[in-house]
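Dear colleague,

Please find the structure below, together with a written account of what was found in it. I would be grateful if you would read the two side by side.

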Amino acid sequence: MWKIYKGNDQDLSFALDCLYCQAINLEEFKLWIYRIIETSSVDEVPVYFYDLLDFDDSLFKLSKVIGFSVKSYLSCEGEYSIYGISYIRGIDVFDSPVNKLEAISYLKLNEEILSKFKFFFPFIYIEEF
């Protein structure tokens, strides 16, 4: 069962962290939502997930659709590792707190972040680095 509910939102938090760190884009986030819907029973999917499928606004407005603030559970090193995924994907990261080499170094030290990313987003190919 996915952790996507208020008070138990670690999986939703990770997906949003990936979105905010630009490791995924909004369309890929929506593909993750479809994955949740497809792998869960109807009564396990929060109503706001269906609303998120239609979301097409500024990312800072996502919490309004979700209905609660989702906190990040990542350490700084974990967040920097996600930026590493962004850089490996060739994304021109806007306003990153770390440069490409630092971010990729953090990712190498935190391989569990890459494993989790691959599990959450199996439809995204990540080149070896």
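Helices (H or I, at least four residues) and strands (E, at least two) are taken here as DSSP runs and numbered from the N terminus. This is a predicted model, in which local features need pLDDT of at least 70 and side-chain atom pairs count only at pLDDT 80 or more, while totals for chains, interfaces and linings use all residues. Residues are numbered from 1 along each chain as its sequence is written, and side-chain values use heavy atoms, with hydrogens and water left out.

Serine 40

Serine 40 sits in the loop between helix 2 and helix 3 (47-53). Its relative accessibility is 16%, so serine 40 counts as buried (under 20% relative accessible area; exposed is over 50% and partly exposed in between, with a 1.4 Å probe and protein chains only). Its side chain comes to 2.8 Å from the backbone oxygen of isoleucine 36, which is a polar contact (a pair of N or O atoms within 3.5 Å; within protein, one must be able to donate a hydrogen and the other to accept it, and residues adjacent in sequence count only if both atoms are side-chain atoms). Apart from residues up to four places away in sequence, serine 40 touches Trp2 and Val45, where contact means heavy atoms within 4.5 Å.

Aspartate 11 belongs to helix 1 and is buried, with a relative accessible area of 12%. A polar atom of its side chain lies 2.8 Å from the backbone nitrogen of lysine 3. Not counting residues up to four places away in sequence, aspartate 11 touches Trp2, Lys3, Ile4, Trp32 and Phe120.

The side chain of serine 13 reaches the backbone oxygen of lysine 71 at 2.7 Å. Neighbours within four places in sequence aside, serine 13 is in contact with Val70, Lys71, Ser72 and Tyr73. Its C-alpha atom is separated by 6.0 Å from that of valine 70, 57 residues apart along the chain.

Packing around helix 7

The axes of helix 1 (residues 10-20) and helix 7 (residues 111-120) come within 11 Å and cross at roughly 100 degrees. Axes are lines fitted to C-alpha atoms, for helices over the stretch in contact, and angles run from 0 to 180 degrees between N-to-C directions. Helix 1 is therefore roughly perpendicular to helix 7 (65 to 115 degrees; under 35 counts as roughly parallel, over 145 as roughly antiparallel and the rest as oblique). Asp11, Phe14, Ala15 and Cys18 of helix 1 meet Ile113, Lys116, Phe117 and Phe120 of helix 7.

Helix 6 and helix 7 pack at about 85 degrees with their axes 4 Å apart, and are therefore roughly perpendicular to each other. Leu107, Lys108 and Leu109 of helix 6 make this contact with Glu111, Ile113 and Leu114 of helix 7.

Within helix 7, the residues Ile113, Leu114, Phe117 and Phe120 are buried. They cover an arc of only 130 degrees around the axis, which puts them on the same side of helix 7; the arc is that of the directions from the helix axis to the C-beta atoms. Their cover includes helix 1, helix 2 (26-39), helix 5 (76-88) and helix 6 (100-109).

With kind regards
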